[in-house]
Amino acid sequence: MKFTEEKPKKKLHLVSLGCTKNLVDSEVMLGKLRDYELTDDQTQADLIIVNTCGFIDSAKEESINTTLNLHNDRKKESVLVMAGCLSERYKDDLQKELKEIDIFTGVGDYDKIDKLVNEKRSKFSNEVFLANDDNDRVITGSNYHAYVKLSEGCNQACSFCAIPSFKGKLHSRTLQSLVKEVKNLVSKGFKDFSFVSQDSSSFLRDLGINDGLEQLISEVEKIEGVKTARILYLYPSTTTLSLIDKIADSKVFVNYFDMPLQHISQSMLKIMKRGKGSEKLRELVDYMKSKPNSFVRTTFIAGHPGENENDFEELCKYVESFGFDRANVFSYSDEEGTNAETREDKIDQELIDERASILGEIIYETTLKSLENDIGKTFEVYIDGESDEHEYLLSARKTLWAPEIDGEIYINDNEDNLEIKYGEIYEVEATQIAGDKLLAKIIRKV
């Protein structure tokens with residue numbers, strides 16, 4: 001009897017940097033490279049891919065440093081690939097400077113990564129790649145939650161943002177394509193979905209449909225097996241009261257309202273080219289907050305050119321009084337090719353960082369207040385598994401929250417010794433807060 005020895009599988013190490021939209025593209029690449037065995041050890045990998053972020057200075061630095069560190073650690077005959085936004089944005093300079101990298105590719109060829117690796121060649125397509133229902137992604141990090149990308153590109157003209165320069169104009173997927181993908185994911189056991197894009201509330205506007213997101217909500221509600229869903233990245237000028245009502249009335253979509261405001265001062269909103277005045281913005285977020293069991297998340301930029309002391313004070317007072325459930329603050333940094341970069345009323349870096357720090361402290365306090373408001377209340381959570389903190393604590397997330405960005409709840413009490421299944425929904429009661437984490441006890445399985 002003759003035995004043929006199986007060739008050992010080649011190993012792949014992939015690093016996905018930046019946003020969740022990047023993560024979806026990384027998962028598409030993993031789907032195309034199923035012949036490889038995934039490894040956390042870059043020194044053993046035959047293929048190393050870095051899906052880079054090119055959004056702001058700190059993200060660019062992280063992308064370059066990560067790639068060069070991986071090069072230093074890799075074995076001699078391995079292949080190193082730089083993909084994604086940074087690679088797309090600076091393709092000529094990077095290919096000239098970074099001789100350590102074997103293959104360069106941008107934001108248009110995620111679905112061709114297997115061919116590029118086999119042929120060991122670089123490629124930059126003119127079209128941005130847009131995930132569709134035919135791409136068999138490998139979902140990472142969860143056995144019940146998946147991100148679904150609605151569109152690519154952006155039609156907004158914010159003063160500080162370079163994304164349209166390398167991602168192009170808004171390009172929405174079809175509703176049918178999204179429904180097919182969600183059904184496919186449900187058939188594989190996924191039940192919780194986060195819909196993402198650069199500007200989710202503009203979904204289908206490029207195809208002449210103004211209520212695209214409302215139509216999406218209606219269609220997803222019909223899919224049996226979808227337990228919970230949320231939408232990330234609403235844009236002020238394309239978010240309507242009707243859309244907020246549609247989310248709030250949904251039995252599937254949670255009342256999660258994630259809308260980056262960037263500022264609240266009227267003059268700054270004009271300078272930033274945000275498309276909605278201060279009064280309208282306040283109306284929108286007040287309406288979001290008025291919905292039962294609502295969760296309001298946003299982001300701000302500190303130190304944008306033209307921001308004076310009065311503008312910044314107005315922003316601080318507003319953030320403090322509104323009490324966002326979660327918020328992020330970014331220090332302004334120049335981005336090539338943007339309107340803000342050409343302005344002459346720039347602010348000293350020291351003052352930018354000081355303002356970001358002040359605003360960050362206010363946000364930390366409002367986040368704590370949001371968490372403290374939950375003490376004594378019951379709500380539903382997904383239980384993910386043992387926490388990294390301690391083997392006797394379970395890690396959970398409110399069904400209302402988005403994964404990873406909104407926090408973690410520690411389950412430290414299971415009085416009735418219920419059998420716990422990871423990835424399932426349980427009703428819990430929050431009992432106390434430890435640092436910035438809620439502690440909760442299990443009441444029942446939902």
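Modeller: Happy to! Over residues 10–122 the chain is 43% helix and 19% strand, with the end C-alpha atoms 21 Å apart. Keep in mind that this is a predicted model.

Biologist: What does UniProt call residues 10–122?

Modeller: An unreviewed UniProt entry gives them the feature "domain: MTTase N-terminal".

Biologist: Where is K11?

Modeller: K11 belongs to strand 1, which covers residues 11–16. Its relative accessibility is 27%, so K11 counts as partly exposed.

Biologist: And which residues does K11 touch, leaving out those up to four places away in sequence?

Modeller: With those left out, K11 is in contact with Y36, E37, T39, Q44, A45, D46 and L47. As for D114, that residue is 103 residues from K11 in sequence, and their C-alpha atoms are 14 Å apart in space.

Biologist: Switching topic: where does UniProt place the feature "binding site"?

Modeller: The unreviewed entry puts it at C19, C53 and C85. These residues are spread over 67 residues of sequence, yet they cluster in space, with a largest C-alpha distance of 10.7 Å.

Biologist: Let's take C53. Is C53 buried or exposed?

Modeller: C53 is buried, because its relative accessible area is 13% and the cut-off for buried is under 20%. C53 sits in the loop between strand 3 (47–52) and helix 2 (57–73). Not counting residues up to four places away in sequence, its contacts include L17, G18, N22 and C85.

Biologist: And where is C85?

Modeller: C85 is in helix 3, residues 85–89. With a relative accessible area of 9%, C85 is buried. Again leaving out residues up to four places away in sequence, C85 touches N22, T52, C53, G54, V107, Y110, F166 and K167.

Biologist: Nice. What about residues 140–369?

Modeller: UniProt, again in an unreviewed entry, places "domain: Radical SAM core" there. That span is 40% helix and 17% strand, and its end C-alpha atoms lie 32 Å apart.

Biologist: Tell me about T367. Which helix is T367 in?

Modeller: T367 lies in helix 13, residues 349–372. T367 counts as buried because its relative accessibility is 16%. The T367 side chain reaches the backbone oxygen of I363 at 2.9 Å. Beyond residues up to four places away in sequence, T367 touches F324, D325 and R326.

Biologist: Last topic: backbone angles. What is the phi of Q262?

Modeller: Phi of Q262 is positive, about 70°, although Q262 is not a glycine. Q262 is found in the loop between strand 11 (253–258) and helix 10 (266–271). Its relative accessible area is 9%, so Q262 is buried.

Biologist: And N417, is that one buried or exposed?

Modeller: N417 counts as exposed, at 67% relative accessibility. N417 also has a positive phi, near 50°, and is a residue other than glycine. You'll find N417 in the loop between strand 16 (409–413) and strand 17 (425–434).

Definitions and conventions:
Residues numbered from 1 in each chain as written. Predicted model: local features only at pLDDT ≥ 70, side-chain atom pairs only at ≥ 80, totals over all residues. Heavy atoms only, no water. Helix = DSSP H or I, 4+ residues; strand = E, 2+ residues; numbered from the N terminus. Buried < 20%, exposed > 50% of the residue type's maximum accessible area, 1.4 Å probe, protein only. Polar contact = N/O pair within 3.5 Å; in protein donor to acceptor, adjacent residues only side chain to side chain. Contact = heavy atoms within 4.5 Å. UniProt positions renumbered as here; feature names shortened; annotations may be inferred.
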